[in-house]
Structure formats: structure tokens, C-alpha cells
Amino acid sequence: MASKISVLGSTGSIGTQTLDVARMHNLQVTALTANSNIKLLEEQAREFHPKMVAVLDMGAAAQLKIALSDTDIDVFCGEEGIICAAQEETCDTVVNAIVGVAGLLPTLKAIESRKNLALANKETLVSGGKLVMSAIDRFGVKLYPVDSEHSAIFQCLQGCPRNSLKKVILTASGGSFFGKTREDLENVTVRQALTHPNWDMGAKITIDSATMMNKGLEVIEASWLFGCEDRDIDVLIHRESIIHSMIQLKDNAVIAQLGVPDMRIPIQYALTYPRRLPSPTRELDLAEVASMTFYRPDYETFSCLAICRDALRMGGLYPTVANAANEVAVAMFLREQIRFLDIPDIVSETVNQFHENKDNFDLEDILTTDHNTRAKVNEKYGHTSL
Ligand code: NAD
Ligand code: MG
């Protein structure tokens, strides 16, 4: 079980819920980081007394340094600051709750410093899964999934003999626009896309849920975590978000993990594994849920899911390209520079126009491909206006 944790992205949705769990179980917090929200970061620092905090934005870091000058908490800034937090000497487990591929380097640095990882940041595995998994082996550390579907699969696998897994079944809520046609989606607004039926999450993942890119990223994430091929990963729409995912074993037995949709359950399991401790969440009342529904995904309307599956099958740097194009497209949509349906179109066009794939690649290749993809998407679509 973790006892001293550094929380990267502590001001976000997963970060604040991680601190709820830390508060309940008296975990020591050794470092906290944020992009720029220093008001909340200061409050967190005063409550949890970490050894250090880090802020990506230099100006915000300078302000925080003044604000915390009456304490002995060190304040760091920039990417190097975030990496220092990932490597903080006394910490045993790093919770990576950063959004986007910006979490990749801190993940790798934490592993190299022999920290266990509670990983929410799925883009790390989508873009750099090969490097992360081999570093995990090389440095002999543990990786505990926080994403609810992957935590569910990890929980279902406890006690199953090795090699008994036939396939994983990822459940998906279907996001804000389940059942809609492409026509219906032509003029949807940012506010509509940000209204998720079951979960209260950061803006990027909520848009990813609406396009179903999130489930595509999760298929790739599952392939790394559980050693599965694309054909061994099913996606099933389950509107109620009560079954968090399932596994099917070789004898066709299916095991599911259920619970109220509250991320503090998977966060806590990642931090207390293998123990099961009381939780700040509600109990599941199945009589209240009454019925659960299941549907096959609509791969044509929600084409991001199909694009991610293609990228996984093509392998190499394709997932890096799909992820980078999506990150830029989602940011543009949130700024109302492009329309909702432009997101899948941009991701698909960018993946189709990528011809520099490599099977043997290193970190430099990933970072360069990520950078070049972002630059291309910005250049090509950055001037579009609605
Ligand atoms: P969020 O936007 O609420 O929070 C992101 C955090 O990362 C914030 O603290 C922010 O300050 C920090 N951050 C943002 N950009 C950064 C950068 N470039 N460098 C360093 N720090 C940066 O996001 P979230 O919803 O908490 O999601 C975090 C990660 O967890 C994502 O990868 C998401 O896919 C995954 N996840 C989230 C949920 C959820 O319920 N929110 C569920 C499953 C998985
Ligand atoms: Mg998920």
C-alpha cells in the first residue's frame, strides 16, 4: 500500500479526488503540482504540507512562491519542476493525474526513480506505452491503473490464473451524444458537449467522451496494460456506468466489477492495493438502479473509436499521431474555433497523412512526432472559424 504520495495535477478532477482519499486514509503527501491554478494549489499545500509544490506556468509559480513564503514548502516551476515532483526523494508512489501527453516525461522519470505509479493519465500509455511498459519491467516498479475501466479489469483479474484471459470488455457510457446521428451533431455547442450524463470530469476527457475518442484511447491503454490485441478488446455501451468493465475468461465465464460511478473507488484501490479499506463513496443500490442497458457502439457516427483501433493495429507511432491531433482539435473546439464534427475529421485526416511510421522508436521519436503533429494541425486548421 502507498504511504507517501506525490500528486501530479492535484488541482484537477482526479487530483482533488485523490486528495479526498489521502485525507481519509492519512496518506502523507510529498509533492503537489498544477498547470496554473495556484489559488487551489496553495490551499492544498497548506492542508497537506508537502515538501514541495510545482507549477508549470512560470509567472504563477513566482506568485505562489510569495504566497507560501511563510511556510517551508519549496516551490518549483516549469516542466523541470513537475519532474522534480515526480522524483521527490521521500515519495513511494506517484499519482499521475495530469491531462494529455504532457504526463509522459514525468511518468518515465518517476519510474526511473523507482516510484510506483497510480496512473490516470491515459495519454501517457497511448503515446508512450511501449517505453513505459519496458521501463516498468526494467526498474521493477508497479503500475496501478486509475482509469475506472482499467481498474475494473485489474480488479476482475485478481485471483484469475495467468493466461486465462480471453478478452476484455470495456464499458462506455456513450457520453453526451449517445444515439445521435452525424446530422444531429452538426451544430452542437461546447456547453452541450461538456454535459456528461454520469461523471464530472475535466473538460478534455468530457469532450473525448462525447466523441468517443476517450474509449478509443482506452482501447489502446488496455492493450498495453493487459497485453491484449485490438481483436481481444470489446467495447460495449452501458449508459448507467454501473458496470465499470468486464473480463471474459477462456471458459467463457464473464467477471464484472460494479459500483457507483465515483472515481474515488479506483483511485483508492490504486493507492491501497491489495487492501480494501472503507471508502468516502456511496454504496451501490442495485434496486435503485433497477435496470441496466447495453448497446453496440456506432463506429460510423463516433469514428474516433474506429480511428484509434486502426492506429493500434498499425502500431508504431500512429497512436502518438492520433492522440496529438486529438489534443489540439479538442483545444480548438473548446475555444469555439472549430465545430464538434471537425474533431474526428481532423484526427482522421492527420492519421491518414502520416507516412513516417517506425516500428522501432525511442522517446525522441515520440516527442518529435507529437510536436510535428501539433504544429501541422495548428497550421492547417488553426485559422478556421465557425
Ligand atoms: P483536469 O483537467 O481536471 O486536471 C488536469 C490537471 O493537470 C490539473 O491539475 C492541471 O493543472 C494539470 N495540467 C494540465 N495541463 C498540464 C501540463 N501541460 N503540465 C502539467 N500539468 C498540467 O483533468 P482530469 O479530468 O482530472 O484528467 C486527468 C487525467 O486523468 C486525464 O488523462 C484523463 O483522461 C484521466 N482520467 C480522468 C477521469 C476523470 O474522472 N476526471 C477518469 C479517468 C481518467
Ligand atoms: Mg475511463
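I will go through the sheet, the core, the charged pairs, the metal site and a hairpin.

First, the ground rules. This is a predicted model, in which local features need pLDDT of at least 70 and side-chain atom pairs count only at pLDDT 80 or more, while totals for chains, interfaces and linings use all residues. Residues are numbered from 1 along each chain as its sequence is written, chains are lettered from A and ligands numbered from 1 in the order in which they are written, and side-chain values use heavy atoms, with hydrogens and water left out.

Start with the sheet. Helices (H or I, at least four residues) and strands (E, at least two) are DSSP runs, numbered from the N terminus. Two strands pair if DSSP finds at least two bridges between them. Seven strands make an open sheet here, with parallel pairing, in the order β4-β3-β2-β1-β5-β6-β7. What stands at the edges? Those places go to β4 (74-77) and β7 (143-145), and each has a single partner strand, so one side of each has no neighbour in the sheet. From one strand to the next, the twist averages 20°.

At one end of that order, β3 (residues 52-55) pairs with β4 in the parallel sense over four bridges. As an example, M52 has D74 in β4 as its bridge partner.

For the angles, axes are lines fitted to C-alpha atoms, for helices over the stretch in contact, and angles run from 0 to 180 degrees between N-to-C directions. Contact means heavy atoms within 4.5 Å. Helix α2 (residues 38-48) lies across β2 (28-34) and β3, and runs at about 170° to β2. Helix α5 (residues 104-112) touches β1 (4-8), β5 (93-96) and β6 (116-119), and its direction makes about 155° with that of β6.

Next, the core. A nonpolar core is a set of buried Ala, Val, Leu, Ile, Met, Phe, Trp, Tyr and Cys residues joined through side-chain atoms within 4.5 Å. Buried means under 20% relative accessible area, exposed over 50%, and partly exposed in between, with a 1.4 Å probe and protein chains only. The largest core has 118 residues, and V53, L271, F340 and I343 have the most contacts inside it. Helix α15 (residues 318-334) gives the largest share of this core, nine residues. In soluble globular proteins, nonpolar side chains tend to be buried together.

Take V53 from that list. Apart from neighbours within four places in sequence, V53 has contacts that include L32, L41, A45 and D74.

Now the charges. A salt bridge is a side-chain nitrogen of Lys or Arg within 4 Å of a carboxyl oxygen of Asp or Glu. The whole structure has 24 of these salt bridges. One of them joins K204 and E123, at 2.8 Å from N to O. That pair links distant parts of the chain, with K204 in helix α10 (residues 203-211) and E123 in helix α6 (residues 122-139), 81 residues apart. Are K204 and E123 buried or exposed? Both are buried.

N323 belongs with this pair. N323 sits in helix α15 and counts as buried, at 0% relative accessibility. Beyond its neighbours within four places in sequence, the contacts of N323 include both E123 and K204.

R313 lies in helix α14 (residues 303-314) and D230 in the loop between α11 and β9 (233-237), 83 residues apart. R313 is exposed, with a relative accessible area of 51%, whereas D230 is buried at 12%.

In the first, E218 forms a salt bridge with K215, with the closest N and O atoms 2.6 Å apart. Both lie in helix α11 (residues 213-226), three residues apart, about one turn of the helix.

In the second, E218 (OE) coordinates the magnesium ion (ligand 2), together with D147 (OD) and E149 (OE), at 2.1 to 2.2 Å. Donors are N, O and S atoms within 2.8 Å of the metal (3.2 Å for Na, K and Ca), and water is not among the atoms, so sites may look incomplete. D147 lies in the loop between β7 and α7 (148-157), 71 residues from E218. D147 and E218 are both buried.

Last, the hairpin. Strands β10 (residues 243-249) and β11 (residues 254-258) pair in the antiparallel sense over five bridges. S245 has Q257 as its bridge partner in β11. Four residues lie between the two strands, and in this hairpin N252 takes a positive phi near 70°.

That is the end of the tour.
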